[in-house]
Amino acid sequence: MPATVEFPFDVTLAPLAAAAAEFKSATLACGIPTMTRNYNASTVSVDIAVGGGSGTESAEQKGAAHMISTAAFAGDFGGVDLVRNLERMGATFGSRSDKEQIVYTLKVSPTHAEDAIAAVMQDVIAHAPEPYVYQENKAFTQVHYDKFAGNHSAQLHELVHEAAFGEESGLGSSMFAANLNKLGMGAVEAYRAAHFVRSNLSVAASGMSQERLAEVVQRCAETIPEGAAAKPTTCAYTGGSAQKRADMDGNSVLGLAFPVPAGAAAKPYAVLQALLGSKMSASTFMYTFGGSTGGLMGVEACGSAASASADLAAAVSELKAIAAKCPEIEGAKNKVALDSFLALEGDATAHALLSAHSRGVDATSAGDVRSVTAAEVSAAATAALKATPAYAVLGTTAGTPSYADVSKMLK
């Protein structure tokens with residue numbers, strides 16, 4: 001590329017040679033599990049996970065995991081300086097939390113990958129912020145609460161979890177504090193001290209070798225406190241109902257969910273979800289959790305109470321039809337396989353590796369549903385119909401089916 005006024009550099013650009021992706025996983029001497037997908041990448045993506053999430057919070061700690069994840073961007077020591085340091089490397093940094101873990105994400109060039117990983121592990125994982133950082137970060141954390149309050153689908157899914165596992169369970173309770181101003185900083189610090197330990201971490205990377213990742217993680221682990229790993233959030237599915245009245249201009253959002261088994265036994269349900277999604281106006285969803293809990297599969301219908309109820313009834317009718325005689329499933333199987341392939345090939349590769357690790361499955365075969373049969377998909381639909389349903393309503397509740405109505409609908 002010759003130099004121009006707009007680009008005053010005389011350089012030669014050449015694409016990286018194509019190379020087959022190599023997947024590896026190993027638990028390091030320090031006890032931290034690592035997973036990699038290595039190929040000739042122009043960008044390295046990294047997910048650093050702290051196990052536990054909101055599912056392991058005590059009552060007084062409710063909201064602590066979410067606050068800790070947002071505090072990565074605040075304060076003089078681990079926040080603002082860290083972000084500026086990463087920006088100088090050309091890296092982007094993010095964080096998220098859910099019911100099972102807190103995850104810090106990185107995207108950086110291969111040249112600076114080790115330095116960026118070390119910066120996050122040392123400034124965020126190894127060193128706790130001063131107590132005032134959490135206090136000053138409450139305004140930023142409140143922004144997330146406000147966004148959640150305006151996201152009807154996210155609120156419905158919280159209600160579905162409550163209906164499925166119970167309000168006081170790790171998976172059924174909210175990720176957010178009932179009142180952020182009443183969340184004590186001592187409770188946040190206690191949660192962090194118990195979870196930010198060596199044995200509670202896992203790291204996934206795409207675009208760098210297992211050897212390179214292992215070297216930097218092993219070196220940084222020396223600065224991270226030792227301690228017991230958080231026990232996986234395992235909650236028994238109970239089924240039930242939950243509802244919340246909200247101003248949605250007279251509309252309602254309905255959610256109906258069923259239990260999904262763990263591991264490879266969930267594959268027919270993934271095909272069932274894809275099959276239902278191709279036949280309905282209502283949207284489908286599926287969650288899978290770590291350990292032996294399994295997950296949830298369901299449908300979400302929104303609109304006026306009458307239209308949402310009609311969409312929900314139509315979804316149940318489709319489920320019954322599949323249970324009676326499963327139609328051709330090759331298209332649904334192809335969708336499941338394609339979605340899994342894209343997750344491993346796209347920007348979310350590190351997330352896919354981490355998710356598979358937490359569920360105890362192999363990432364490269366998680367989407368391989370070639371052996372799933374129509375009979376197995378029918379059996380999954382039958383099992384869903386026989387299960388105690390988890391049913392949630394958000395918005396206008398008048399005119400929507402009662403839990404008894406839904407249970408009768410499924411017979």
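Guide: Alanine 64 is buried, because its relative accessible area is 0%, where buried means under 20% relative accessible area, exposed over 50% and partly exposed in between, with a 1.4 Å probe and protein chains only. This is a predicted model, in which local features need pLDDT of at least 70 and side-chain atom pairs count only at pLDDT 80 or more, while totals for chains, interfaces and linings use all residues. Residues are numbered from 1 along each chain as its sequence is written, and side-chain values use heavy atoms, with hydrogens and water left out.

Alanine 64 belongs to helix α1 (residues 64-70); helices (H or I, at least four residues) and strands (E, at least two) are DSSP runs, numbered from the N terminus. Leaving aside residues up to four places away in sequence, alanine 64 touches Glu57, Leu183, Val188 and Tyr191, contact meaning heavy atoms within 4.5 Å. Lysine 24, by comparison, is 40 residues from alanine 64 in sequence and 33 Å from it in space, C-alpha to C-alpha.

Next comes the sheet. Its 6 strands are arranged in the order β1-β2-β6-β3-β5-β4, as an open sheet with mixed pairing, two strands being paired if DSSP finds at least two bridges between them. At the edges lie β1 (22-27) and β4 (92-97), each of which pairs on one side only. From one strand to the next the twist averages 10°. β4 pairs with strand β5 (residues 101-108) in the antiparallel sense over 6 bridges, and glycine 94 has threonine 105 of β5 as its bridge partner. Across β3 (44-51), β4, β5 and β6 (201-206) lies helix α3 (residues 113-126), which runs at about 150° to β5; axes are lines fitted to C-alpha atoms, for helices over the stretch in contact, and angles run from 0 to 180 degrees between N-to-C directions.

Strand β8 (residues 251-260) pairs with β10 in the antiparallel sense over 10 bridges, with glycine 298 of β10 as the bridge partner of alanine 257.

The last stop is the packing of helices. Helix α9 (residues 267-277) and helix α10 (residues 305-324) have axes that come within 11 Å and cross at roughly 125°. α9 is therefore oblique to α10, since angles under 35 degrees count as roughly parallel, over 145 as roughly antiparallel, 65 to 115 as roughly perpendicular and the rest as oblique. Leu272, Leu275 and Leu276 of α9 make the contact with Ala315, Glu318, Leu319 and Ile322 of α10. These residues divide into 6 nonpolar, no polar and 1 charged, with Ala, Val, Leu, Ile, Met, Phe, Trp, Tyr, Cys and Pro counted as nonpolar, Asp, Glu, Lys and Arg as charged, and the others, Gly among them, as polar.

α10 also packs against helix α13 (residues 374-386), at an angle of about 130° with the axes 7 Å apart, so α10 is oblique to α13. The contact is made by Leu319, Lys320, Ile322 and Ala323 of α10 and by Val377, Ser378, Ala381, Thr382, Ala384 and Leu385 of α13, and by class it has 7 nonpolar, 2 polar and 1 charged residues.
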